[in-house]
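Below is a short briefing on salt bridges, a cavity, a surface patch and some backbone details. The structure comes before the notes.

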Amino acid sequence: MSADYKGVLMSESNGFSGKYFRVFVVILIAIPVILLAVMNIGVVGNVLLVLLGFGAVVIVHEFGHFIVAKSSGIKVEAFSLFMPPILLGVQRTENGIRVRILPEIFSRKDDESGQGALGFTVGPKGKPSETEYRIGLIPFGGFVKMLGQDDTAAAKATDDPRSYANKPPHIRAAVLAAGVTFNIISAVIIFMVAFLKGIDLPPAVVGGVIPDSPAAHAGLKEGDQIIEIEGKGKDLDFSNIAIAAALSGRDERVVMKVRHTDGEEETLSLIAEQLLDEPMRGFGIIAPMDMTVAHLSKSDANDLFHKTGLLPGDRIVAVEGRPVSGHWEIEEIVQDSLRPAVTLSVERVGGQDQTKIVESKVSLDMSPAGNHDVESESALSHVYSMVPLLRIAGVLQTQQAPVEDANSSLHRGDVILAVGDVNNPTFKELRDIVAQHKDIPLPVGILRADADGRERTLTVTVTPRQAKGSERVMIGVELVLDAEHAIVAKTIAAEGGPAKLDIPRGAAITAVDGQAVSDFYDVIREIRRYPASDRITLDWRLDERTAGSVALSIGAAGECITMKSTFSDDIPFDSLRRTYKASGPVDAIVMGYRRTVMFVAQTYLTLKRLLGGLVSPKNLMGPVGIITFSYRIVSEQPLVYYVYFLGLISAVIAVFNFLPLPPLDGGLVLLLLVEKAKGSALTERVQTII
């Protein structure tokens with residue numbers, strides 16, 4: 001204890017002993033902590049559950065070291081959950097059970113026993129124990145302290161035959177390996193418990209496919225079920241798909257067996273790619289969604305109802321009167337509708353758990369391209385080569401403008417007429433121009449409707465910025481196609497598509513084979529009326545003096561009309577989940593064993609890909625991230641998900657602890673193998689350096 005610290009304490013001559021003053025200080029600290037815990041009992045309970053879970057994983061690992069050391073005749077001096085300083089230490093002595101509370105913080109002068117000022121002994125006399133059982137003040141990790149053993153230095157030389165250092169190499173190796181072995185066994189048991197209870201996980205089903213991705217090129221469709229990955233098909237869930245892609249080698253083909261929605265099975269091979277804005281390499285397969293609207297906060301639920309007429313818990317059963325059995329069917333009908341809105345029929349649970357069918361009309365937009373990473377005009381959405389104007393569906397960030405007024409920024413609903421020197425830009429042209437104007441003011445011409453519906457043209461100046469963590473330069477808006485006008489931004493020569501129509505930029509389509517039209521919805525509806533191979537006429541007008549017509553040959557809709565509809569307002573659906581449950585204890589053991597082997601293999605493979613540069617360290621999660629993620633699971637999910645997560649952590653800890661890196665268990669075993677081959681231990685100096 002320092003002199004400065006002693007000076008703070010009141011002496012016995014002042015009527016207050018140092019011991020009682022320390023107790024008083026502990027009480028002063030404890031009272032507000034207890035009050036804070038009572039006021040936030042839910043948060044505190046979740047934190048305690050996280051700490052208990054991690055503590056259990058650590059105890060299992062250290063218990064492996066402990067039990068094998070004890071059975072091998074090694075003297076174990078301490079068994080600690082969490083790291084020093086000591087919060088609580090309990091040990092049986094000749095005089096009873098000795099209890100130490102914060103002995104290193106509240107020490108006592110001339111106290112050779114190390115009991116501390118707050119320590120005490122209770123209970124009857126008896127046979128002493130050589131091991132003190134501790135709880136550390138820092139709630140992370142744990143350790144077993146054996147006589148003559150030190151994880152961070154050379155083994156201590158001593159004449160005591162019960163010293164760790166004096167045991168044969170194979171005994172010491174068994175002690176070190178026991179922690180990892182117990183973690184593997186505990187992982188199997190933890191997963192077994194989870195599968196006996198049953199756990200809902202996203203199944204290995206294709207919820208969506210990113211355009212121009214490996215999955216799209218392979219022909220995967222929404223609703224396809226992955227039944228085998230590299231010959232393994234037991235208990236597959238969606239994580240197996242993502243991990244197979246992320247951990248595959250460069251240019252390595254991953255073989256999958258797929259069952260399509262029509263029941264036909266097919267074997268495909270995919271090569272993972274680094275997709276745009278994705279943290280890890282993938283196949284472009286989107287996780288499956290359910291047909292039920294997810295639970296939301298009260299304000300978000302009110303906002304969703306105001307925009308769509310839907311409520312959390314609503315389950316969609318039909319779109320435009322067509323029954324649906326999966327979310328992918330909803331997507332398919334919506335994408336092909338190409339109309340301003342669709343009618344959704346939903347099951348809604350009302351009072352007294354009565355279910356009723358409610359219909360809601362939900363607005364739609366049209367996506368500007370099949371892929372956000374538009375490298376050529378062929379990726380642009382079009383109708384027989386005609387690309388509509390762009391419209392702003394949402395503003396993602398505050399626009400940079402010199403004047404603060406209603407006309408100084410872009411708004412939802414604005415139609416883009418010009419960007420820079422380009423009139424009627426396509427999605428690709430706008431992207432290219434924005435990328436060239438990073439941090440440079442850029443004029444944008446727009447068409448805006450006022451409250452009375454009257455349209456006027458404006459020019460707004462914005463400053464493109466590079467998004468944090470991305471190479472993309474943006475102006476902070478979400479874009480869709482403007483189907484509410486029949487104006488052609490440009491006609492394109494799409495690869496494999498229809499012939500490019502001779503219609504000037506900015507011209508409006510006025511009639512389809514003599515039938516007047518006012519927007520692109522009308523254009524699409526009228527064109528769809530004609531069968532393939534028919535030849536019709538499109539009339540267009542650029543201004544009062546310039547007009548004309550072009551002939552159009554009707555072809556396959558999928559090639560000639562590439563526009564797709566999407567919900568104007570995001571509808572948050574629940575993730576699709578299926579119950580993974582063992583049929584009995586034996587099946588649970590098998591499932592637990594398979595899941596443990598899977599996570600162990602994936603952890604080793606992750607490290608290999610990390611060294612090979614195929615996995616970025618940014619995608620890994622450290623201790624703080626793991627604890628934060630654990631808290632989210634505990635606070636938001638049923639307990640079985642946290643149990644499952646602890647099984648994963650136990651398997652990963654087993655792998656990391658057995659890596660051949662001192663002071664990990666694997667590194668210490670490696671030194672023992674060197675000692676066995678050499679015939680003698682490395683010198684203390686060499687061991688200390690290592």
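K490 is buried, because its relative accessible area is 18%, where buried means under 20% relative accessible area, exposed over 50%, and partly exposed in between (1.4 Å probe, protein chains only). This is a predicted model, in which local features need pLDDT of at least 70 and side-chain atom pairs count only at pLDDT 80 or more, while totals for chains, interfaces and linings use all residues. Residues are numbered from 1 along each chain as its sequence is written, and side-chain values use heavy atoms, with hydrogens and water left out.

**Salt bridges**

- The whole structure holds 29 salt bridges, a salt bridge being a side-chain nitrogen of Lys or Arg within 4 Å of a carboxyl oxygen of Asp or Glu.
- K490 pairs with E377, and their closest N and O atoms are 2.4 Å apart.
- E377 sits in the loop between β15 (355-366) and β16 (386-388) and K490 in strand β25 (residues 488-491), so this pair ties together parts that are 113 residues apart in sequence. Helices (H or I, at least four residues) and strands (E, at least two) are DSSP runs, numbered from the N terminus.
- E377 is partly exposed, with a relative accessible area of 26%.
- K70 and E130 also form a salt bridge through their side chains, at 3.4 Å from N to O.
- That pair links distant parts of the chain, 60 residues apart: K70 belongs to helix α3 (residues 41-71), and E130 to the loop between β3 (120-122) and β4.
- Both partners are partly exposed, K70 at 30% relative accessibility and E130 at 22%.
- D522 and R525 form a salt bridge with closest N and O atoms 2.9 Å apart.
- Helix α10 (residues 520-528) contains both D522 and R525, three residues apart, or about one turn of the helix.
- D522 counts as buried at 14% relative accessibility, whereas R525 counts as partly exposed at 43%.

**Cavity**

- One cavity of 30 Å³ or more is counted. On a 1 Å grid over the protein atoms alone, a cavity is a set of points where a 1.4 Å probe fits but cannot get out, and lining residues have an atom within 4 Å of a point.
- The largest cavity has about 40 Å³ of space; grid points are joined across faces, edges and corners, and a volume is the space filled by probe spheres set on the points.
- Its lining is made by S80, M83, P84, P85, I86, R134, I135, G136 and F143.
- Two elements, β1 (76-93) and β4, each give two or more residues to this lining, and β1 gives the most, with five.
- By type, the lining residues are six nonpolar, two polar and one charged. Here Ala, Val, Leu, Ile, Met, Phe, Trp, Tyr, Cys and Pro count as nonpolar, Asp, Glu, Lys and Arg as charged, and the others, Gly among them, as polar.

**Nonpolar surface patch**

- L87, I105, I135, L137, I138, F140 and I627 make a nonpolar surface patch of about 540 Å². Patches are made of residues with over 30% relative accessible area and no salt bridge, with nonpolar side chains (Val, Leu, Ile, Met, Phe, Trp, Tyr) joined within 5 Å and like charges within 9 Å. Accessible areas come from the Shrake-Rupley method with a 1.4 Å probe, and for residues only the protein chains shown count as cover.
- Strand β4 (residues 132-146) supplies the largest share of the patch, four residues.
- I135 lies in strand β4 and is partly exposed, with a relative accessible area of 33%; I135 is also one of the residues that line the largest cavity.

**Backbone details**

- Most residues other than glycine have a negative phi, and most peptide bonds are trans.
- P84 and P85 are joined by a cis peptide bond, with omega about 5°; P85 is part of strand β1, and both prolines are among the residues that line the largest cavity.
- L102, not a glycine, has a positive phi of about 45°. L102 is in the loop between β2 (96-101) and β3 and is buried, with a relative accessible area of 13%.
- Y384 likewise has a positive phi, near 50°. The loop between β15 and β16 holds Y384, which counts as buried at 4% relative accessibility.

Note on methods
On a 1 Å grid over the protein atoms alone, a cavity is a set of points where a 1.4 Å probe fits but cannot get out, and a pocket is an open set with protein on both sides within 12 Å along at least five of seven lines; lining residues have an atom within 4 Å of a point.
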